[in-house]
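This report looks at aromatic rings and how they pair. Have the structure open while reading.

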Amino acid sequence: MATVEPPLKDELDIVIPTIRNLDFLEMWRPFFQSYHLIIVQDGDPSKTIQVPDGFDYDLYNRNDINKMLGPRSSCISFKDSACRCFGYMVSKKKYIYTIDDDCFVRPINKFTPSIV
């Protein structure tokens with residue numbers, strides 16, 4: 001059986017602004033594991049954000065943004081998920097997909113139409 005390369009694998013970054021641990025990524029694993037994640041931590045930079053094992057990611061916080069942008073760092077607002085803009089800035093890929101840390105995969109049940 002031939003393996004199928006994920007679409008846009010080398011052309012897509014996934015940007016996630018977050019204030020919490022990223023346990024929600026487990027449900028997205030089948031979709032996101034093949035891609036590079038750019039995680040931008042909002043809030044307290046001393047807090048450690050947990051990312052499930054097996055994901056390829058870079059994690060940035062306010063300290064990183066201040067260090068990289070210096071006096072211009074104020075253009076990246078925080079406490080409103082607009083910190084994702086920093087993820088857009090550091091991505092080197094042609095395409096960017098973004099998702100919030102509170103977006104969940106819809107569970108399949110008997111009322112969910114199946115795709116044939």
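Is Y60 buried or exposed? In this predicted model, Y60 is buried, because its relative accessible area is 17% and buried means under 20%.

**Aromatic pairs**

The structure holds four aromatic pairs. One of them joins W28 and F31, with 5.8 Å from centre to centre and 65° between the planes, an edge-to-face arrangement. Both residues belong to helix α1 (residues 25–32), where they are three residues apart, about one turn of the helix.

Y60 takes part in a pair with F86: the ring centres are 5.2 Å apart and the planes stand at 75°, so this pair is edge-to-face. Here distant parts of the chain are linked, since Y60 sits in strand β3 (residues 56–60) and F86 in helix α3 (residues 84–90), 26 residues apart. The label edge-to-face applies because planes over 60 degrees apart count as such.

**Exposure of the paired residues**

The table gives the relative accessible area of each residue in these two pairs.

| Residue | Relative accessible area | Class |
|---|---|---|
| W28 | 14% | buried |
| F31 | 48% | partly exposed |
| Y60 | 17% | buried |
| F86 | 0% | buried |

Why does F31 count as partly exposed? Its relative accessible area is 48%, and partly exposed covers values between the 20% limit for buried and the 50% limit for exposed, so F31 falls in that class.

**A cluster of rings**

W28 and F31 also belong to a cluster, in which ring pairs link them with F32 and Y97.

Note on methods. Residues numbered from 1 in each chain as written. Predicted model: local features only at pLDDT ≥ 70, side-chain atom pairs only at ≥ 80, totals over all residues. Heavy atoms only, no water. Phe/Tyr/Trp six-rings, centres within 6.5 Å; stacked < 30°, edge-to-face > 60°. Helix = DSSP H or I, 4+ residues; strand = E, 2+ residues; numbered from the N terminus. Buried < 20%, exposed > 50% of the residue type's maximum accessible area, 1.4 Å probe, protein only.
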